[in-house]
Amino acid sequence: MGWGRYLRRRWWDEERAREIEAHLALATDENLARGMTPEAARAAALRKFGNPARVREEIYFMNSLSWPENALRDLRHGARLLRLNPGFTLVAVLSLSLGIGANAAIFQLLDALRLRSLPVAKPQELAEVRIIGQTSRTGSFNGRYPQLTYAQWEQIREHQEAFSGVLAWSAQRFNLSPGGEERYAQGMFVSGDFFRVLGVTPALGRVLNADEDRRGCGLPGAVISHSFWQREFQGSPTALGSKLLLNGHPVEVIGVTPPNFFGVEVGRTYDVAVPLCAEAVFGGTDSRLDRRQGWWLAALGRLKPGWSPQRAGAHLEAISPAIFEATVPETYRPDDVSKYLGFKLTAVPGGSGFSSLRANSERPLWVLLAITGLVLLIACANLANLLLARASARERELAIRLALGASRGRLVRQLLAESLLLAALGAALGAALAQLLSRFLVASLATQGNQIFLDLDPNWRVFGFIAGLAILTCLLFGLTPALGATRTSPGAALKAGGRGLAGSGGSGLRRLLVVSQVALSLLLLVGALLFVRSFQNLATLDAGFRREGLLAASLDLRRADFPAERLLAVQRDLTERLRALPGVESAAEVAIVPMSGSAWNNNIRIDGSAGQEGSATLSNFNQVGPGYFRTMGTPLLGGRDFDERDAATSPKVAIVNETFSRRFLNGANPVGRRFRIEVGPKETDHLYEIIGLVKDTKYRSLREELTPIAFLAAAQDDEPGRFAQFVLRSPASLGALTAAVKKAVAEVNPAIGIQFQSVQTQIWETLLQERLMAMLSSFFGFLAGLLAMIGLYGVISYAVSRRTNEIGIRMALGADRRVVVRLILREAVALLSVGLAAGILLSLASTKMVSSMLFGLQPYDPVTIGLAVAILAGVGLAASYLPARRAAGVDPMEALRAE
Amino acid sequence: MAKRTKPGGQGDLLQGTLDLLVLRTLVLGPAHGYSIAQAIERGSREVLQVEQGSLYPALHRLEDRGWIASFWGTSENNRKAKYYRLTPAGKRQLAAETSRWEQLVRAVGHILYPAEE
């Protein structure tokens with residue numbers, strides 16, 4: 001019978017009752033007509049009919065579907081059992097929701113970073129245009145995705161035939177403030193077709209069009225994001241036509257994009273978009289539009305119908321020779337040119353956009369997903385263990401029901417219903433937890449200068465993942481106990497009385513579960529210790545300078561309009577003023593603050609003693625003023641620091657670090673040696689004389705190997721730029737210091753823009769991922785260990801309760817407490833050793849996968865593994881000692897009487 | 001729940017035969033349960049004594065399969081009664097059941113009277 005009859009079976013029952021009553025009335029009428037008394041007539045009709053109740057019952061059962069009824073009954077039964085054991089229910093739901101929540105949170109991040117497409121029309125049609133390999137490109141690189149030069153972009157746009165439209169873009173920070181401390185907006189330079197190719201229609205006003213992106217366009221207008229519109233203009237329609245100040249240049253707002261459009265970079269959101277041609281306004285004489293060695297653009301194309309990325313790639317490769325022929329940078333040396341002409345363009349699927357966050361975080365996220373997956377597995381094993389214990393307590397009940405004819409499948413379903421309820425509760429709570437956790441993770445990865453924007457609204461993939469986890473966990477922790485509990489033959493279980501079967505299948509399974517819990521938690525603990533020790537190694541690393549109390553101030557002089565010949569004097573003046581500030585111990589100019597992410601390298605040739613030149617070698621560079629090394633706390637090991645003797649007109653000088661001297665000068669005293677910086681055909685080259693040697697310092701990141709660094713004198717810069725950067729050492733508070741610096745700079749010129757950064761904070765932020773990894777893996781490692789110990793405690797307690805009798809006899813026969821404790825602990829030690837041995841093997845096999853995320857130690861670090869083993873063994877023995885002591889406290893008379 | 005044996009049932013009637021008889025009875029026109037039971041008894045020259053109650057599960061099943069349809073009406077002596085009529089699907093089913101029944105009778109006949117071959 002179908003659902004229709006099932007759902008209306010009460011109605012059907014009443015209908016049949018009416019019908020039967022009608023039948024009986026008809027038969028009674030007929031009997032009356034034959035001359036029977038009314039009672040006899042009714043009785044005869046009933047006799048002839050049979051039992052009406054039985055007929056109705058039969059029809060009622062015909063209308064029944066047994067499984068939904070049974071399922072509902074099982075769920076009710078399960079809910080009642082859970083209510084009766086609130087402690088167990090709480091532990092189970094909490095551990096499950098934590099496990100599922102953590103998994104779902106990580107998955108949600110992976111989904112947002114990796115699986116989602118850009119929020120644009122038909123993202124699957126987009127393909128990214130890039131150069132195959134991308135190695136050995138030389139020139140200057142700007143933006144987060146410097147794939148192409150402007151000249152190449154123009155060629156691609158004109159000559160490609162694979163796409164119905166192509167776009168190019170570059171990320172650019174714009175300063176919104178008119179002067180003083182800078183305030184930044186995330187900007188984009190976009191080609192004129194950008195919004196049309198993506199299929200983004202404006203929410204307000206209009207978007208840029210192709211005609212507005214022409215060389216010499218000035219600043220024709222800016223499109224802003226929905227969130228920027230809300231933030232800066234409170235969502236007012238009057239925003240259209242009003243002016244924004246970008247790096248001091250006014251530009252009109254012409255349109256607002258829809259709320260879900262964040263640009264083409266996953267992990268960030270844009271604020272302001274201006275046409276590519278407007279770069280000339282911001283770059284001035286340094287404009288990247290005409291700099292053929294300037295790499296700063298990334299390109300996407302929308303494939304023509306029927307074109308695959310492969311076909312587009314083949315087409316781009318075919319037109320590559322002509323494109324690179326037409327765009328050779330003038331400053332290239334011949335060997336660079338020949339390399340350049342060998343470049344090939346290709347196309348790769350681009351529907352998921354650009355993301356440096358994806359590139360940097362994907363591996364840690366997968367590792368975290370593996371960690372949280374293992375924690376969930378351990379939690380499941382723990383629950384399975386608890387349920388097994390409960391099932392064995394119910395062995396007698398189940399045996400009786402089996403003996404009374406209940407089918408095994410029916411009992412398994414009933415036991416599973418309880419697990420399903422737990423899993424569902426855990427999943428619901430976990431889904432809520434995941435929302436908090438994923439947002440917390442995003443928030444802790446973001447820094448002041450690097451805001452992270454991820455679309456974390458849960459979608460069907462996330463819900464599917466959570467539902468899948470719930471079902472999987474339910475089966476994992478529910479099925480084995482249910483099958484185990486119903487396997488025993490009813491006769492055996494009944495004969496064994498209330499004590500259950502000693503050594504029955506259930507307890508072997510429980511030992512196996514505990515052993516695997518110990519093994520897995522050892523793996524997680526080893527992982528956690530590896531990450532913690534890596535982070536510690538990085539955090540306490542000697543970077544070659546004292547990080548505390550160092551402030552970097554970056555000054556933008558472009559709007560102050562100093563004549564070029566005065567720039568050096570202005571910089572000297574600024575240095576003097578900063579040094580004179582109260583509380584400032586020392587201050588110096590510096591081009592590249594260590595670990596700020598900026599870098600500058602070049603090929604050099606050592607001037608040979610016999611006049612011949614050495615071979616070209618790559619060195620890092622920096623440009624600093626006098627007092628820089630004192631300010632940083634980097635010891636000068638030989639020679640002298642820069643001073644007023646090193647002026648623009650005097651011979652060029654340099655200070656080098658130890659690695660420079662060791663690698664290029666065989667470690668001999670470098671002072672007095674000279675080197676040349678290799679330059680392009682149109683640049684003048686200089687001979688630099690080394691005047692000092694300093695201790696090694698880290699250059700770009702704490703993780704890097706020490707690199708050779710040559711420091712040049714800021715005062716000898718041939719083309720001083722319109723940016724100046726200083727480091728100040730001061731014990732004063734950050735707030736007081738920045739206020740004083742702002743005041744001092746404004747006295748020189750109020751139009752100078754300033755940005756501050758504490759060097760220590762900056763270094764701390766480069767370790768964000770390592771710190772988060774250490775934090776999360778320790779948390780999960782701790783959780784895993786705790787769960788495993790609860791499991792161990794449970795199994796040992798259970799063993800004690802089963803052996804109470806035996807213990808009583810032993811004690812009656814003269815065994816003392818120590819013997820009993822040893823007896824119980826022997827089992828714990830056996831379980832622990834097997835688990836730990838398996839865990840060590842597991843760790844050795846799998847920690848290799850994280851070796852790239854470690855620093856200063858190997859994945860098979862014996863100290864770490866030893867430490868983890870010691871911790872788990874110690875805690876494990878402590879957890880088993882409690883039940884062992886209880887066993888030793890057994891009163892022999894009591895134990896024997898219980899028989 | 002384990003499979004339960006049907007309470008009551010077709011008693012002496014062969015499985016499925018009752019269905020066939022009900023369908024056959026309804027060929028003559030709509031009828032209510034009581035008159036169907038009487039028709040079967042009379043039609044079989046009182047040989048088949050149907051326990052009248054067992055008719056209703058059969059009617060319920062036939063209706064569920066769409067072979068008969070029901071409506072409430074008034075009986076000859078002005079009592080409310082539920083009437084059943086044959087649906088087109090029921091007519092096809094009757095034809096199929098009838099021919100299956102004839103096959104069965106022939107087959108049993110061959111076994112019982114082999115000499116008559």
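I count two strands as paired if DSSP finds at least two bridges between them. Strands (E, at least two residues) and helices (H or I, at least four) are DSSP runs, numbered from the N terminus.

**Entry 1: conventions.** I note that this is a predicted model, in which local features need pLDDT of at least 70, side-chain atom pairs count only at pLDDT 80 or more, and totals for chains, interfaces and linings use all residues. Residues are numbered from 1 along each chain as its sequence is written, chains are lettered from A and ligands numbered from 1 in the order in which they are written, and side-chain values use heavy atoms, with hydrogens and water left out.

**Entry 2: sheet of chain B.** I looked up the open sheet of 3 strands, whose order is E1-E3-E2 (chain B) with antiparallel pairing. Strand E1 (31-32) and strand E2 (68-74) of chain B are the edge strands; each has a single partner strand, so one side of each lacks a neighbour in the sheet. I found 7 bridges between E2(B) and strand E3 (residues 80-86) of chain B, in the antiparallel sense. B:Ile68 has B:Leu86 in E3(B) as its bridge partner. Helix H3 (residues 55-64) of chain B lies across E2 and E3 of chain B, at about 120 degrees to E2(B). For such angles, axes are lines fitted to C-alpha atoms, for helices over the stretch in contact, and the angles run from 0 to 180 degrees between N-to-C directions. Contact means heavy atoms within 4.5 Å.

**Entry 3: sheet of chain A.** I then turned to an open sheet of 5 strands with mixed pairing, in the order E5-E24-E14-E23-E15 (chain A). Its edges are strand E5 (180-181) and strand E15 (586-589) of chain A, each with a single partner strand, so one side of each is without a neighbour in the sheet. Strand E14 (residues 550-556) and strand E24 (residues 753-758) of chain A run antiparallel and are joined by 6 bridges. Within this pair, A:Ser554 is bridged to A:Gln755 in E24(A). Helix H23 (residues 759-766) of chain A packs on the sheet, where it touches E14 and E24 of chain A, and its direction makes about 65 degrees with that of E24(A).

**Entry 4: salt bridges.** I use the term for a side-chain nitrogen of Lys or Arg within 4 Å of a carboxyl oxygen of Asp or Glu. The structure holds 51 of them over all chains.

I examined A:Arg114 and A:Glu362, whose side chains meet in a salt bridge (3.2 Å, N to O). A:Arg114 is in helix H6 (residues 86-115) and A:Glu362 in helix H13 (residues 356-393) of chain A, so the pair ties together parts 248 residues apart in sequence. For accessibility, buried means under 20% relative accessible area, exposed over 50%, and partly exposed in between (1.4 Å probe, protein chains only). A:Arg114 is partly exposed at 39%, whereas A:Glu362 is buried at 19%.

Next I recorded A:Asp542 with A:Lys695, the closest N and O atoms being 2.8 Å apart. A:Asp542 is exposed at 51%, and A:Lys695 is partly exposed at 25%.

In a further salt bridge, the closest N and O atoms of A:Arg577 and A:Asp573 are 3.3 Å apart. Both residues lie in helix H19 (residues 567-580) of chain A, 4 residues apart, about one turn of the helix.

I also noted a network of salt bridges that links A:Arg511, A:Arg803, A:Glu806, A:Arg810 and A:Glu827.
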